Amino acid sequence: MTVSDSKLRTELGKVKGLGTAHHGVSHWWMQRMTALALVPLSLWFFYSLVTSMLAPNVIKVAEWFASPVNAVITVLMLVATFTHAKLGVQVVIEDYVKSPFAKYALLLLNNFICIVFGAVAILAVLKLHFLDVAAAGV
């Protein structure tokens, strides 16, 4: 920071250290935390995928999703995945799209897609969790 830059900042701005957006650090921090959470969640999910969910027997897959632990961890993974994707795409849009109209339209589209796809995925997990395998006759 040069001497002329420090004259343009208020005393509160100097103390808080916030940039013009006032949320850059929290955005960066959330992206890193979701990435960190996705490491064990993804390893667990892919291990489960290989061991039980790729079984040719549909009942085994339904029984796997019937477990509350598996359903909750899968929902946590989905929330972390779509939050991380939303934040990452948002950074790309903000950095590389120059037209204000296109930028805001793409940011809205990004939010909409991540929320809708995340909600559909979570509803699918919940539907499989609450599916009564014995009554469904699967």
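In which helix is Gln31 found?

Author: Happy to. Keep in mind that this is a predicted model, so everything below is computed from predicted coordinates.

Gln31 is found in helix H3, which runs over residues 24-53. With a relative accessibility of 14%, Gln31 counts as buried, because the cut-off for that class is under 20%. Skip the neighbours within four places in sequence, and the contacts of Gln31 are His84, Leu87, Gly88 and Val91.

Now step along to Arg32, which also lies in helix H3. Here the relative accessibility is 37%, so Arg32 counts as partly exposed. His84 comes up again: Arg32 and His84 are 52 residues apart in sequence, yet their C-alpha atoms are 8.4 Å apart in space. For the protein as a whole, take the contacts with a separation of 6 or more: 67% of them are between residues 24 or more positions apart.

At the other end of H3's range is Met53. Again leaving out neighbours within four places in sequence, Met53 is in contact with Phe45, Ser48, Val61, Trp64 and Phe65. Met53 also belongs to the largest nonpolar core, a group of 13 residues. Within that core, Met53, Phe65, Met77 and Val125 are the ones that touch the most other members. The elements giving two or more residues to the core are H3, H4 and H5 (68-96), and H5 gives the most, with five. As background, nonpolar side chains in soluble globular proteins tend to be buried together.

The buried residues of H4 are Val61, Ala62, Trp64 and Phe65. They span an arc of only 155° around the axis, so they sit on the same side of H4. The general rule behind this sort of pattern is that an α-helix has 3.6 residues a turn, so residues three or four places apart point the same way.

H4 (residues 58-66) also meets H6 (residues 100-130): their axes come within 7 Å and cross at roughly 100°. That angle makes H4 roughly perpendicular to H6. On the H4 side the contact is made by Ala62, Phe65 and Ala66, and on the H6 side by Val125, Leu128 and His129. Sorted by class, that is five nonpolar residues, one polar and no charged ones. Phe65 and Val125, then, take part in this helix contact and are also among the core residues that touch the most other members.

H6 has another partner in H5. Those two pack at an angle of about 170°, with their axes 10 Å apart, which means H5 is roughly antiparallel to H6. The residues of this contact divide into 16 nonpolar, six polar and three charged. One more residue to check in H5 is Val92. Its relative accessible area is 48%, so Val92 is partly exposed. From Val92 to Leu107 the sequence separation is 15 residues, and the C-alpha distance is 10.0 Å.

Zooming out, the protein has seven helices and zero strands, and reading along the sequence gives α-α-α-α-α-α-α. Of its 138 residues, 23% count as buried, and Gln31, where we began, is buried too.

Terms used
Residues are numbered from 1 along each chain as its sequence is written. This is a predicted model: local features need pLDDT of at least 70, side-chain atom pairs count only at pLDDT 80 or more; totals for chains, interfaces and linings use all residues. Side-chain values use heavy atoms; hydrogens and water are left out. Axes are lines fitted to C-alpha atoms, for helices over the stretch in contact, and angles run from 0 to 180 degrees between N-to-C directions. Helices (H or I, at least four residues) and strands (E, at least two) are DSSP runs, numbered from the N terminus. Angles under 35 degrees count as roughly parallel, over 145 as roughly antiparallel, 65 to 115 as roughly perpendicular and the rest as oblique. Contact means heavy atoms within 4.5 Å. Ala, Val, Leu, Ile, Met, Phe, Trp, Tyr, Cys and Pro count as nonpolar, Asp, Glu, Lys and Arg as charged, and the others, Gly among them, as polar. A nonpolar core is a set of buried Ala, Val, Leu, Ile, Met, Phe, Trp, Tyr and Cys residues joined through side-chain atoms within 4.5 Å. Buried means under 20% relative accessible area, exposed over 50%, partly exposed in between (1.4 Å probe, protein chains only). The arc is that of the directions from the helix axis to the C-beta atoms.
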